[in-house]
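The sequence and structure come first.

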Amino acid sequence: MGLHESTAGILRFDGEDVTHPSRGQKKAMHKNIQMIFQDPYSSLDPRMCVSDLIAEPMKAMGVCRDKNERERRVAELMDTVGLSRRFAFSYPHELDGGRRQRIGIARALSVDPKFIVCDEPVSALDVSIQAQILNLLQDLQDERGLTYMFITHNLSVVKHISHSILVMYLGCEVEMCPSKELFQRPLHPYTRGLLSAIPIPSIHVQREEIIMKGEVTSPINPRPGCRFASRCPYAQDVCREALPAVEEVLPGHLCACHRVRELNGL
């Protein structure tokens with residue numbers, strides 16, 4: 001499965017032009033690209049029981065048209081995500097947040113997608129439940145060869161689950177590289193500030209916290225230049241005049257900063 005934008009600005013899916021997709025192309029894309037939502041309660045229909053919620057995408061996509069086969073598939077998915085079959089006829093308001101999110105994961109898996117967008121899937125859960133859901137997502141990725149786009153503000157979660165990390169500020173890419181390298185050698189001032197805010201669970205380790213001062217640029221009507229310039233201690237006139245281009249500063253390590261080489265001795 002491939003979804004990308006060509007140099008001509010044409011969006012392609014599996015080699016086909018989907019800039020203006022037909023109904024059939026939309027259906028194929030929807031089947032291969034699913035989503036796990038942030039709020040595991042508001043994303044579920046409160047009038048539907050668990051089995052119906054999981055079966056709904058299969059009905060919409062024409063998967064498992066036979067009712068008995070669909071019921072068997074729902075039972076298998078409940079086992080896969082660690083949701084007891086005794087909840088098959090329960091409603092969302094009768095379950096806790098972790099179980100609701102497992103329903104959301106089962107719904108996403110029900111049509112055998114290849115790419116899943118995870119929009120802060122653990123931010124609304126308790127810490128112990130977060131770990132369970134993250135481990136489940138990783139196990140599913142290993143078993144099914146899934147690709148995730150994991151959106152979150154929690155860098156500890158990102159470090160745990162991601163292979164490659166893209167850091168954004170007010171809608172603009174500032175840095176992208178493999179996960180391990182980002183934590184070992186951050187290049188952008190904003191990335192450094194984010195990493196310095198992660199608490200260290202040891203009284204023997206001291207780390208200087210980088211305080212980001214200044215006014216946040218309006219995301220509706222941003223000023224010219226780098227979006228982070230008003231809060232960056234290293235900003236110069238060029239930073240306020242022109243938006244920096246994303247460039248490969250090190251092999252596989254992209255950054256958008258006018259002074260990145262100067263600040264990092266490269």
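How do the residues of the lining of the largest pocket divide into nonpolar, polar and charged? In this predicted model, the lining of the largest pocket has 16 nonpolar, 7 polar and 1 charged residues.

**Largest pocket**

The volume of the largest pocket is about 760 Å³. Its lining is made up of 24 residues, and those closest to the centre are Phe150, Ile151, Ser164, Ile165 and Leu166. Two or more lining residues come from each of the elements β6 (147–151), α6 (155–161), β7 (164–169) and α8 (189–196). By domain, the lining of the largest pocket takes at least three residues from domain 1 (12–162) and at least three from domain 2 (166–264).

**Second largest pocket**

For the second largest pocket the volume is about 260 Å³. Among its 14 lining residues, Ser51, Asp52, Glu71, Val74 and Phe89 lie nearest the centre. The elements α2 (50–61) and α3 (67–80) are those that give two or more residues to this lining. The largest share, 6 residues, is from α3. By class, the lining of the second largest pocket holds 7 nonpolar, 1 polar and 6 charged residues.

**Cavity**

Rolling a probe the size of a water molecule over the atoms shows where empty space is left. The structure has 1 cavity of 30 Å³ or more. The lining of the largest cavity divides into 11 nonpolar, 2 polar and 1 charged residues.

The table sets out the volumes and lining classes.

| Space | Volume | Lining classes |
|---|---|---|
| Largest pocket | about 760 Å³ | 16 nonpolar, 7 polar, 1 charged |
| Second largest pocket | about 260 Å³ | 7 nonpolar, 1 polar, 6 charged |

The protein chain is split into domain 1 (12–162) and domain 2 (166–264). Between the C-alpha centres of domain 1 and domain 2 the distance is 33 Å. In the contact, domain 1 takes part with 5 residues and domain 2 with 5 residues.

The size of an interface is often given as the accessible area lost when the parts come together. About 430 Å² is buried between domain 1 and domain 2, and carbon and sulfur atoms give 79% of that area. How many salt bridges are there between domain 1 and domain 2? The count is 0 salt bridges.

Methods. Residues are numbered from 1 along each chain as its sequence is written. This is a predicted model: local features need pLDDT of at least 70, side-chain atom pairs count only at pLDDT 80 or more; totals for chains, interfaces and linings use all residues. Side-chain values use heavy atoms; hydrogens and water are left out. On a 1 Å grid over the protein atoms alone, a cavity is a set of points where a 1.4 Å probe fits but cannot get out, and a pocket is an open set with protein on both sides within 12 Å along at least five of seven lines; lining residues have an atom within 4 Å of a point. Grid points are joined across faces, edges and corners, and a volume is the space filled by probe spheres set on the points. Helices (H or I, at least four residues) and strands (E, at least two) are DSSP runs, numbered from the N terminus. Ala, Val, Leu, Ile, Met, Phe, Trp, Tyr, Cys and Pro count as nonpolar, Asp, Glu, Lys and Arg as charged, and the others, Gly among them, as polar. Domain bounds come from an automatic or database domain assignment. Contact means heavy atoms within 4.5 Å. Buried area is the accessible area (1.4 Å probe) that two parts lose on being put together, summed over both. A salt bridge is a side-chain nitrogen of Lys or Arg within 4 Å of a carboxyl oxygen of Asp or Glu.
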